Amino acid sequence: VDWDDPTQTVTAAKDGIEIVLQIGNTEMKIGNNVKILDVPAQLVNDRTLVPVRAVSEAFNCSVDWVEETQTVVIYE
């Protein structure tokens, strides 16, 4: 994971897949493709928050929500 402060852009790569998100932008680049996000990446208390389902699925992972424990589970 890399952070570019001047553009407020985060780039992550795994298994040959690269994604790029910019703070406040609802577009996420996955390689040469663009996915429109429900919510953009945000900065909260100097931390970068990203939509976990969109990022996980971009890396070919499955995501489940467990209501009882209010937990996100990510499967590779």
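These legends describe an overview and several close-up views of one predicted model. In this predicted model, local features need pLDDT of at least 70 and side-chain atom pairs count only at pLDDT 80 or more, while totals for chains, interfaces and linings use all residues. Residues are numbered from 1 along each chain as its sequence is written, and side-chain values use heavy atoms, with hydrogens and water left out.

**View 1. The whole chain.**
The chain holds 1 helix and 9 strands. Helices (H or I, at least four residues) and strands (E, at least two) are DSSP runs, numbered from the N terminus. Along the sequence the order is β-β-β-β-β-β-β-α-β-β. The C-alpha atoms fill a box of roughly 40 × 30 × 20 Å along the principal axes. Of the 76 residues, 22% are buried. Buried means under 20% relative accessible area, exposed over 50%, and partly exposed in between (1.4 Å probe, protein chains only). The accessible surface is about 5500 Å², and carbon and sulfur atoms account for 46% of that surface. These areas come from the Shrake-Rupley method with a 1.4 Å probe; for residues, only the protein chains shown count as cover. Among contacts (heavy atoms within 4.5 Å) between residues at least 6 apart in sequence, 20% join residues at least 24 apart.

**View 2. Asp15 in its loop.**
Asp15 sits in the loop between strand 2 (9-14) and strand 3 (17-22). Asp15 counts as exposed because its relative accessibility is 67%. The C-alpha atoms of Asp15 and Asn60 are 9.8 Å apart, although the two residues are separated by 45 residues along the chain. The side chains of Asp15 and Lys14 make a polar contact of 3.3 Å. A polar contact is a pair of N or O atoms within 3.5 Å; within protein, one must be able to donate a hydrogen and the other to accept it, and residues adjacent in sequence count only if both atoms are side-chain atoms.

**View 3**
Side chains of opposite charge can pair when their charged atoms come close. A salt bridge here is a side-chain nitrogen of Lys or Arg within 4 Å of a carboxyl oxygen of Asp or Glu. By this rule the count is 3 salt bridges. One of them joins Lys14 to Asp15, with the closest N and O atoms 3.3 Å apart. Lys14 also bridges to Glu76, at 2.8 Å from N to O. That pair links distant parts of the chain: Lys14 is in strand 2 and Glu76 is in the segment after strand 9 (71-75), 62 residues apart. Lys14 has a relative accessible area of 30%, so it is partly exposed. Glu76, at 76%, counts as exposed.

**View 4**
Arg53 and Glu57 form a salt bridge, and their closest N and O atoms are 3.3 Å apart. Both residues lie in helix 1 (residues 52-58), 4 residues apart, about one turn of the helix. Arg53 is partly exposed at 39%. Glu57 is partly exposed at 36%. Elsewhere, salt bridges that share partners join Lys14, Asp15 and Glu76 into one network.

**View 5**
Strand 8 (residues 62-66) and strand 9 run antiparallel, joined by 5 bridges. Two strands pair if DSSP finds at least two bridges between them. Ser62 stands opposite Tyr75 in strand 9. The two strands form a hairpin with 4 residues between them. Gln70, in the turn, has a positive phi of about 50 degrees.
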